[in-house]
Amino acid sequence: MGELGLLGATISGYGCAGVSNVAGALITRAVERVDSGYRSSMSVQSSLAMGAIHDFGSAEQKDRYLPEMAKGKLIGAFGLTEPNHGSDPGSMEAVAREHPHKEGYFLLRGSKTWITNSPIADVLVVWAKLQETGKIRGFLVDRKQCPAGTLETPAIKNKTGLRASITGMIHLEDCPVPKENMFPEVEGLKGPFTCLNSARYGIALGVMGALEDCIDRARAYALERKQFRGNPLAKYQLVQKKLADAATDAAYGTLAAIQVGRLKDQGKATPDMISMIKRQNCDRALHNARVLQEIFGGNAVSDEYMIGRHVANLYVTQTYEGQSDIHSRSRLGQKERERERDVVVLLITRPDIRSYLGTGNYRHPGLRLSHLVGVGNAAPAADPFAVIERDTRCGMKHWHMGRPVVRPPDPGDACMYTNLLYAQILDLLCRIKTRQTCIFSAGIDRAPGPLLLIIDHRHDP
Ligand SMILES: Cc1cc2nc3c(=O)[nH]c(=O)nc-3n(C[C@H](O)[C@H](O)[C@H](O)COP(=O)(O)OP(=O)(O)OC[C@H]3O[C@@H](n4cnc5c(N)ncnc54)[C@H](O)[C@@H]3O)c2cc1C
C-alpha cells in the first residue's frame, strides 16, 4: 500500500499522494471490495494515525513520522476505546501525569482495547486525560522509546470479523512519554472526533465496495445454481428482488458518499452529513449482505463463497467508529437541541450601508434563524422576512418592520451608540422572552437554548 501511495493519500506533502477526499474514498471502496479488514488497517494508518499527526502534530512530529508512515515503513495505531468506555470515550480513564523525577516527561497509565494495528504498531496515538487539567490530550507513544514493561500490546485472538486486520489492546504502566510527543494544541474530544470524521467518511464509501462484491458474487451464484425444474435461482422474482434491493442501496449509498466527499473537498461537509452516510451505508451494506447470503443456501456457511466473510466484516464496520445507534442518537439529539435553539441575529453595520442583511450570511449548521434585526442602517432584506413572518410568537414582525431598529443620533458617539444598543438589546430580549443570552465568536452549536448573536460589522471595509 505504501508503494502504491495509498497511505495518507489525502495528505499533501510528506511523500503522500495529496488526492481529493473523493479520490481517497474511492481507494477505500476498491480495497474494501477485497476485504474490510485490509481497508481498516489502511484507514487507521491513514485517517486516524497519520491524520491525527498531520492535523494536530507539531512540525517536528510531522517530519519525524509522516514520511515513513506514508511508505508503510512505520505502522500507526489509534487508541481511543477502553475496556469500560467505548461509545462514551469522554469518560475515559487513561491518564497522563507529570513524571515525578524526570523533567520533560509524562507518565501514561491506562488500557485501550479493540485497537486496530496495535500489536504491530511502531507509533501509537493514545488519547488520555492530562491529570493536571482533566482535559483529553493526544500523545504519540513511540514503541522504541518505551522502557520494557511499560507498554504491552497483546493481540485479540480468534476474532469472527475483520480477520485480515490485526487488532489488540494497549496497556500502559506508567509509560514515560516525552512532553514533545504530546500534540501541542488540541484538547478535549475535538482531537479524536476530527480524525474519526475523516475515517468515517472513508468507511461510508468503503462499505459500498464490500456490498458490490456481495452483489456480484450473489448474482453469479444465482445464475449458475439451478433448483426446481432446472431453473437458475436468478429466474425467481424473490431472488431478483434481493439483488435489486441491494443494487439500489449500493447505488444510492455510493452517490450520497461521493456528494458528501465533493462537499468535503469544498470545505462544506458537516460532521452530521458524515455521521448520516456512515450510519446509513454501514446499515444498508450489512442488511443487504445478510439478505444476499440467503441466496447461497448452505454454501454461504463455507468460506469458499466469501459472502459470510463480508457479513462478519460488515458487522464490525457498523459497530466501530460510532455504533449505528450511537450515530442516530447524536443526530436525534442534535434535532432536539435545534428545536430549542432560536437565534436572534443583531447586526450592527456602518450607517452608510443599506440592505445589508440576508439570512444566507448567518446560517450555521445546527442553528435556526428566528429573528434578524438591523442596527445602524442595516435594514433586513426581503429574504429574512420570510423567516420572521413564519415565527410570529414574539410579535417581532410589528416591532421592526424591516426598518433600522436603532439609528444613533451621532454615529461618531461610541458611548451613545453603545448605550442605545444595549437598551435595544434588552428590549429585544424582553419581547422575545429569550431564556439565555450569549455573545459568541465560536462554539455556538454546543450551547443550549436560544441565542443572541451580535455581529459587529462597523469596522469591516
Ligand atoms: C475489529 C475492531 C476494530 C476496532 N478498532 C478500533 C481502533 O483502532 N481504535 C479504537 O479506539 N477503537 C476501535 N474499535 C472499538 C470500537 O470503536 C468500539 O467497539 C465501538 O465504539 C463501540 O464501543 P463498545 O464496543 O465499547 O460498545 P458499547 O459502548 O458498550 O455499546 C454496546 C451497545 O450498546 C449501545 N449503546 C451504548 N450507549 C448507548 C446509548 N446511550 N443509547 C443507546 N444505545 C447505546 C451501542 O450502540 C452498542 O450497540 C474497534 C472495534 C472492533 C470490533
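**Helix packing in a predicted model**

Helix H1 is mostly covered, with 10 of its 14 residues buried. Keep in mind that this is a predicted model. The chain holds 11 helices and 12 strands, and buried residues account for 43% of its 461 residues. Take the contacts between residues at least 6 apart in sequence: 72% of them join residues at least 24 apart. Here's a quick run through some of the helices and how they sit against one another.

**H1**

- H1 covers residues 21-34, and at 1.5 Å a residue it should span 20 Å; the end C-alpha atoms are 21 Å apart, which agrees.
- The buried set in H1 is Asn21, Gly24, Ala25, Leu26, Ile27, Thr28, Arg29, Val31, Glu32 and Arg33.
- What do those buried residues pack against? Their partners are H2, H4 and helix H5 (237-265).

**H2 against H4**

- Two packed helices are described by the angle between their axes and the distance between the axes.
- For H2 (residues 36-56) and H4 (residues 190-224), the angle is about 155° and the axes are 9 Å apart.
- Since angles over 145 degrees count as roughly antiparallel, that makes H2 roughly antiparallel to H4.
- The crossing of H2 past H4 is right-handed.
- On the H2 side, the contact is made by Ser36, Arg39, Ser43, Ser47, Leu48, Gly51, Ala52, Asp55 and Phe56.
- H4 brings Gly191, Thr194, Cys195, Ser198, Ala199, Gly202, Ile203, Gly206 and Ala210 to the contact.
- Sorted by class, this H2 and H4 contact has 7 nonpolar, 9 polar and 2 charged residues.

**Gly206, a residue of H4**

- Gly206 sits in helix H4, and is one of the H4 residues in the contact with H2.
- Is Gly206 buried or exposed? Gly206 has 33 other C-beta atoms within 10 Å, and 20 or more is the cut-off, so Gly206 is buried.
- Leaving out residues up to four places away in sequence, Gly206 touches Thr28, Arg29, Glu32 and Arg39.
- Asp35 is 171 residues from Gly206 along the chain, yet their C-alpha atoms are separated by 9.7 Å.

**H5**

- H5 has 29 residues and reaches 41 Å from its first C-alpha to its last, close to the 42 Å expected at 1.5 Å a residue.
- Buried in H5 are Val239, Lys242, Ala246, Asp249, Ala250, Gly253, Thr254, Ala257, Val260, Gly261 and Lys264.
- H1, H4 and helix H6 (271-293) are what the buried residues of H5 pack against.
- Gly267 follows H5 and has a positive phi, near 75°.

**H6 against H7**

- The axes of H6 and helix H7 (residues 307-319) cross at roughly 155° and come within 9 Å.
- H6 and H7 are therefore roughly antiparallel to each other.
- What is the handedness of the H6 and H7 crossing? The crossing is left-handed.
- H6 supplies Cys282, Asp283, Ala285, Leu286, Ala289, Arg290, Leu292 and Gln293, and these meet Ile307, Gly308, His310, Val311, Leu314, Tyr315, Thr317 and Gln318 in H7.
- The residues of this H6 and H7 contact divide into 9 nonpolar, 5 polar and 2 charged.

Definitions and conventions
Residues are numbered from 1 along each chain as its sequence is written. This is a predicted model: local features need pLDDT of at least 70, side-chain atom pairs count only at pLDDT 80 or more; totals for chains, interfaces and linings use all residues. Axes are lines fitted to C-alpha atoms, for helices over the stretch in contact, and angles run from 0 to 180 degrees between N-to-C directions. Helices (H or I, at least four residues) and strands (E, at least two) are DSSP runs, numbered from the N terminus. Angles under 35 degrees count as roughly parallel, over 145 as roughly antiparallel, 65 to 115 as roughly perpendicular and the rest as oblique. A crossing is left-handed if the near helix is turned anticlockwise from the far one by less than a right angle, and right-handed if clockwise. Two residues are in contact if their C-beta atoms, placed from the backbone, lie within 7 Å. Ala, Val, Leu, Ile, Met, Phe, Trp, Tyr, Cys and Pro count as nonpolar, Asp, Glu, Lys and Arg as charged, and the others, Gly among them, as polar. The expected span of a helix is 1.5 Å times one less than its number of residues. A residue is buried if 20 or more other C-beta atoms lie within 10 Å of its own, exposed if 12 or fewer, and partly exposed in between; C-beta atoms are placed from the backbone.
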